[in-house]
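Please read it alongside the sequence and the model.

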Amino acid sequence: MSVIYLAGGCFWGVQKYFDQFEGIIQTTVGYANGHTENPKYEDVKVGKTGHVETVKVEYDESKRSLRQILDDYYRIIEPTSLNKQGEDEGISYRTGIYYINENDLEIIQKRHKRYKRIIKKKWLLKYNLLIISMKQKNTIKSI
């Protein structure tokens, strides 16, 4: 089993989206990349903690690859929006890919470059997507 954390706006929508795919074992919503240990929804919502709404995606690599998961992810996010996805606004709705396995970084960077190139070429817009190792200062708090 492999794990990746994805932030793409409201975590309930992202979770529902990923739950439909074969190879996804489990999804769990939570918060990442903030500066408090036990964030509460009310504090995250108003931007007090710096956390982002995140979905932990546990998957079977033999049925769905990280590359496929990232392609699925890019279909539902707007990586040029800063702190906003759809109607949801605020820092808790920023986009980001949070990885645990260092071997995933190369795949993530390749997909990131591909989509960044497409977006810049097509719309000439700034790209606002974070890629961060979960081994850094980030915390995940499942709710």
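The side chains of E106 and K110 meet in a salt bridge, with N and O 3.2 Å apart, where a salt bridge is a side-chain nitrogen of Lys or Arg within 4 Å of a carboxyl oxygen of Asp or Glu. Because E106 and K110 lie 4 residues apart in helix 4, about one helical turn separates them, helices being DSSP runs of H or I with at least four residues and strands DSSP runs of E with at least two, numbered from the N terminus. K110 counts as exposed at 54% relative accessibility; exposed means over 50% relative accessible area, buried under 20% and partly exposed in between, with a 1.4 Å probe and protein chains only.

This is a predicted model, in which local features need pLDDT of at least 70 and side-chain atom pairs count only at pLDDT 80 or more, whereas totals for chains, interfaces and linings use all residues. Residues are numbered from 1 along each chain as its sequence is written, and side-chain values use heavy atoms, leaving out hydrogens and water.

The structure holds 4 salt bridges, among them these:

| Pair | N to O distance |
|---|---|
| E106 and K110 | 3.2 Å |
| R111 and D71 | 2.7 Å |
| R64 and D72 | 2.9 Å |

R111 in helix 4 (residues 104–123) and D71 in helix 3 (residues 66–76) are 40 residues apart, so that their pair links distant parts of the chain, and both residues are buried. R64 is buried, with a relative accessible area of 12%, and D72 is buried at 3%; R64, D72 and R75 are linked in a network of salt bridges.
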